[in-house]
Amino acid sequence: MKQKEIVTLQRSLLPDTEALLNKQVEMEGKSSAYYLSMASWCHMMGYANGAKYLYTHADEERMHMMKIFQYVNEAGGHAIQPEITGIRHNFNSLREVFELILEHEIKVTKSINSIVDHAFSVKDFATFSFMQWYVTEQREEETMSRRALELFEIIGEEGIGLWTIDQELGKLHAAAGKETGE
């Protein structure tokens with residue numbers, strides 16, 4: 001007996017919106033891999049709280065990727081698992097790690113804003129509404145990244161400075177979790 005093909009609903013997702021969302025899936029996947037690599041470097045260098053902060057952040061980025069991935073499929077599109085290549089594994093300093101994080105989060109914000117602008121311009125209000133969570137999330141991500149970098153300016157890196165910064169990174173991440181209800 002031949003099995004009947006399952007018929008799905010027609011797509012509501014425009015092909016160009018699907019392409020932008022799949023590009024964001026890739027960006028979020030790379031973010032997760034990038035932060036995981038940074039976490040490993042921090043762990044290796046003895047920055048236990050920095051590593052914990054980044055391991056958690058890598059998981060969050062994967063969750064961001066999966067939310068978009070599922071949205072694309074549920075809207076009748078085809079979410080694409082991205083190839084993740086070109087991830088850096090070594091860094092010059094803890095400060096550099098957090099400078100790179102802020103730089104990266106600003107790029108993600110610009111990408112999110114681009115999708116939101118596109119969705120609004122084509123009157124795809126479902127995608128526009130879906131992406132509002134990401135708009136808010138990116139503001140939090142950038143703020144957290146700036147706070148982390150401020151630690152280097154406030155505390156300084158001399159003497160026990162880096163140890164103290166690592167301790168404060170643990171507190172910073174814990175405080176952010178309480179604010180977002182995680």
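Helices (H or I, at least four residues) and strands (E, at least two) are DSSP runs, numbered from the N terminus. This is a predicted model, where local features need pLDDT of at least 70, side-chain atom pairs count only at pLDDT 80 or more, and totals for chains, interfaces and linings use all residues. Residues are numbered from 1 along each chain as its sequence is written, and side-chain values use heavy atoms, with hydrogens and water left out.

**Exercise 1.** Find Thr85 and decide: is Thr85 buried or exposed?

*Solution.* Start with the location: Thr85 sits in the loop between H2 and helix H3 (94–121). Next, recall the cut-offs: buried means under 20% relative accessible area, exposed over 50%, partly exposed in between (1.4 Å probe, protein chains only). Thr85 has a relative accessible area of 51%, so Thr85 is exposed. Finally, look across to Lys30: the two C-alpha atoms are separated by 8.0 Å, although the residues are 55 apart along the chain.

**Exercise 2.** Work out how H1 and H2 run relative to each other.

*Solution.* First, the angle: the axes of helix H1 (residues 15–45) and H2 cross at roughly 165° and come within 8 Å. Axes are lines fitted to C-alpha atoms, for helices over the stretch in contact, and angles run from 0 to 180 degrees between N-to-C directions. Angles under 35 degrees count as roughly parallel, over 145 as roughly antiparallel, 65 to 115 as roughly perpendicular and the rest as oblique. H1 and H2 are therefore roughly antiparallel.

**Exercise 3.** Now try H2 and H4.

*Solution.* The axes of helix H2 (residues 48–74) and helix H4 (residues 125–155) come within 12 Å, crossing at roughly 170°. This pair is therefore roughly antiparallel.
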